[in-house]
Amino acid sequence: SIKLLLNGEAKFPEVLNCLEQAKHHIHMEYYIFSYDDVGKKVVDVLIRKVREGVEVRLIIDDFGSKKNKKMVKRLRKAGVTVHRFMPVAFPFLAQANFRNHRKIIVIDGHTGVEGGINIDERYLNNGKHKLYWRDTHIKIEGPLVNQLQLQFLLSWHFTAKKKFPFAQPYFGNQFNTQGDATAILVASGPDSPRPFCMEAILAAINQAKLKIWIVTPYFVPTDQIITALQIAVSNGVDVKMILPGKSDSHIVKHASLSYIEPLLLGGIQVYFYDKGFAHAKTITFDNQLAIIGTANMDTRSFYINFEIAALIYDEKVCREVDKSFENDLKSSKQITLKQWSKRSLYNRLLDSICRLLAPLL
């Protein structure tokens, strides 16, 4: 059973409700876990559940969540086991390499949450932050939770140097789900023998017959991705891509813009989302397959960071993701090759300079 959660407005109430129902364990793994209004609510629940006898394990990336010492101290004092992923001694000098970019929750081995939304109030769009954040998450119930739990176990073994039993109630539970989706997880990182997230996307692009609809916040692609999309258009596939009109990274945005011309020349339809920051990482193929996860379409996600995504074969989920895509198009502006060719020399030069930095982004 896959439930689509659009933006923090849908995710955070669902997550808080699921956490409240935990009976045995709560496992969380996050790149950004902010100690703001949303983070404090989650922390309050975690502390309350520990007092009820629930096991709570939390992994936070030391680079993405470096400004929350007070939160970690409070959690540990209450009995929550917290570990930082690959601690850095001098955060202000550290590069964002080899970071744990995953967002995972597993509750009692039967409920999972995964997607692009960190624990941070800016995803809530409550007026406190100027930039509107558009993102996508999913709630999972069923055997796929075992795979999500396994990924957490591997991260826990790496950070805590400990394991928890590969047995019930962590794994192998009975599921009474109402959904009938077929799904699998793909995970990759710098320790992977191959870039599995990129390979999954490439395989799906190469097999598409009707349409490929993409939303990605950071587009610094490999040559394989661009070529595959161009070939798909040549085969008659409708390829649309929504990129952020507004971004949280000036350099990455301009590096992404340097790739727009070959997309347009290849017949790919490109749209800029103007309502806010399009931070979702979703792709749908032929009304049959949806990929929803943490991986951006960039070299960092494919080769450098630890990422995860769900490959969901379900027409209902695809329709819901496509509906959100169509809704996002209403707040987006299509870019034509004629318009793009009229960009100022300054902007084109800026794009080119930022592209030189692309391997480092």
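**Notebook: contacts, cores and bridges**

I began with Ser34: leaving aside neighbours within four places in sequence, Ser34 is in contact with Gly39, Ile119 and Asp120. Contact here means heavy atoms within 4.5 Å. Ser34 sits in the loop between strand 2 (25-30) and helix 2 (37-51). Helices (H or I, at least four residues) and strands (E, at least two) are DSSP runs, numbered from the N terminus. I looked up the exposure of Ser34 and found a relative accessible area of 18%, so Ser34 is buried. The cut-offs are under 20% relative accessible area for buried, over 50% for exposed, and partly exposed in between (1.4 Å probe, protein chains only).

I noted the ground rules: this is a predicted model, local features need pLDDT of at least 70, side-chain atom pairs count only at pLDDT 80 or more, and totals for chains, interfaces and linings use all residues. Residues are numbered from 1 along each chain as its sequence is written, and side-chain values use heavy atoms, with hydrogens and water left out.

**Cores**

Next I looked at the nonpolar cores. A nonpolar core is a set of buried Ala, Val, Leu, Ile, Met, Phe, Trp, Tyr and Cys residues joined through side-chain atoms within 4.5 Å. The largest one has 79 residues. Leu19, Met28, Phe33, Leu75, Ile212, Ile260 and Phe285 have the most contacts inside it. A second, separate core has 19 residues, including Ile2, Ile138, Leu185 and Cys318.

I then picked out Phe33. Not counting residues up to four places away in sequence, Phe33 touches Met28, Gly39, Val42, Val43, Leu58, Ile60, Ser65, Asn68, Met71 and Ile119.

**Cysteines and Val186**

How many disulfides are there? I counted zero, taking a disulfide as a pair of cysteine sulfur atoms within 2.5 Å. Cys18 is buried, at 8% relative accessible area. Cys197 is in no disulfide, and the nearest cysteine sulfur, that of Cys318, is 18 Å away. Cys197 is buried too, with a relative accessible area of 3%.

From Cys197 I moved to Val186. The two are 11 residues apart in sequence and 6.1 Å apart in space, C-alpha to C-alpha. Val186 lies in strand 9. Its relative accessibility is 13%, so Val186 counts as buried. Beyond four places in sequence, Val186 touches Phe196, Cys197, Ala200, Glu307, Ile308, Ala309 and Leu311.

**Salt bridges**

I counted 17 salt bridges. The rule asks for a side-chain nitrogen of Lys or Arg within 4 Å of a carboxyl oxygen of Asp or Glu.

Asp322 and Lys211 meet in one of them, at 2.9 Å, N to O. This pair links distant parts of the chain. Asp322 is in helix 10 (residues 315-329), Lys211 is in strand 10 (residues 211-215), and they are 111 residues apart. Both Asp322 and Lys211 are buried.

Glu52 pairs with Lys49, and their closest N and O atoms are 2.8 Å apart. Lys49 is buried at 3% relative accessible area. Lys240 pairs with Asp238, again with closest N and O atoms 2.8 Å apart. Are these two buried or exposed? Lys240 counts as buried at 13% relative accessibility, and Asp238 as partly exposed at 21%. I also found Lys3, Glu14 and Lys139 linked in a network of salt bridges.

**The loop between helix 4 and strand 9**

Phe166 is in the loop between helix 4 (144-160) and strand 9 (182-188). At 61% relative accessibility, Phe166 is exposed. Leu150, Leu154 and Phe166 form a nonpolar surface patch, with about 310 Å² of accessible area together.

Pro169 is in the loop between helix 4 and strand 9. The peptide bond from Gln168 to Pro169 is cis, with omega near 5°. Lys161 is also in the loop between helix 4 and strand 9. Its phi is positive, about 60°, although Lys161 is not a glycine. Lys161 is exposed, at 62% relative accessibility.

I placed Asp286 in the loop between strand 15 (282-285) and strand 16 (289-293). Asp286 is buried, with a relative accessible area of 12%.

His110 counts as partly exposed, at 35% relative accessibility. Apart from residues up to four places away in sequence, His110 touches Ile140, Glu141, Gly142, Val145, Asn173 and Phe175.

Notes. Patch = residues over 30% accessible without salt bridge, like charges linked within 9 Å, V, L, I, M, F, W, Y side chains within 5 Å. Areas by Shrake-Rupley, 256 points an atom, 1.4 Å probe, with all protein chains shown as cover.
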